[in-house]
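I open this notebook to record what I looked up in one structure. The entries run from the overall fold to a few side chains.

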Amino acid sequence: MVTVESATPADADAVADLWVELARDQRRHGSHLRADANRDTVRRSLAEHAADGGLLVARDDGLVGFVCFRIERGPLVQDCTRGVVRDLYVRAGRRGERVGTQLLDAAEATLDDRGVDTVAVEALAPNEDAVRFYERRGYRPHRIEFEREVENDKRPHGDR
């Protein structure tokens with residue numbers, strides 16, 4: 001039986017391990033993040049999110065997933081208050097058990113309790129499973145990001 005609950009700062013190490021799994025998996029979808037090289041930075045960030053109530057974990061015998069979220073803040077005035085869900089992840093062997101749904105439900109409910117008007121999520125465009133998951137939940141594209149490699153004397157187009 002999976003339970004979703006608020007993470008504590010003490011969970012940061014275990015959640016960082018899950019984040020590394022997520023980052024490694026996202027490389028196949030075009031992510032530029034280096035999983036292991038970012039572990040310590042992510043661990044500190046996750047501990048802060050846990051302390052602020054913006055990190056939820058799914059547990060049974062151990063951690064099986066997590067979701068990180070926050071209210072969008074910035075210097076520009078907007079016509080709504082946006083909640084942003086980041087880094088929703090469920091271990092590969094536990095997908096299809098509605099763990100992601102439970103995590104997203106809990107994050108959305110928490111953001112609703114905090115007064116957001118809308119919730120945004122992010123997925124890499126080639127990650128068709130994530131795109132389908134969010135679309136089934138009623139999310140629609142809002143902003144599209146484009147990227148291309150830069151040609152220069154040091155790296156011809158297409159080299160990495």
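How many helices and strands does the secondary structure of the protein come to? I worked from a predicted model, and I found four helices and five strands. I then read along the sequence and noted the pattern β-α-α-β-β-β-α-β-α. The radius of gyration is 17 Å, close to the 15 Å that the globule rule gives for 160 residues, so I recorded the protein as being as compact as a globular protein of that length.

Next I looked up the extent. Along the principal axes, the C-alpha atoms fill a box of roughly 55 × 40 × 30 Å.

I turned to burial and surface. Of the 160 residues, 34% are buried. The protein exposes about 10500 Å², and I noted that carbon and sulfur atoms supply 46% of that area.

I also looked up the contacts between residues at least 6 apart in sequence. Of these, 61% join residues at least 24 apart.

For the charges, I counted 26 positive and 31 negative ones. Their mean positions lie 2 Å apart.

My last entry concerns the aromatic rings. How many aromatic pairs does the structure hold? I found three. One of them joins Y134 and Y139 edge-to-face, with 5.9 Å centre to centre and 75 degrees between the planes. Are Y134 and Y139 buried or exposed? I recorded both as buried. Together with F133, Y134 and Y139 form one aromatic cluster.

Note on methods. Residues numbered from 1 in each chain as written. Predicted model: local features only at pLDDT ≥ 70, side-chain atom pairs only at ≥ 80, totals over all residues. Heavy atoms only, no water. Helix = DSSP H or I, 4+ residues; strand = E, 2+ residues; numbered from the N terminus. Rg over C-alpha atoms; globule rule 2.2 N^0.38 Å. Buried < 20%, exposed > 50% of the residue type's maximum accessible area, 1.4 Å probe, protein only. Contact = heavy atoms within 4.5 Å. Areas by Shrake-Rupley, 256 points an atom, 1.4 Å probe, with all protein chains shown as cover. Lys, Arg positive; Asp, Glu negative; His and termini not counted. Charge placed at Lys NZ, Arg CZ, Asp CG, Glu CD. Phe/Tyr/Trp six-rings, centres within 6.5 Å; stacked < 30°, edge-to-face > 60°.
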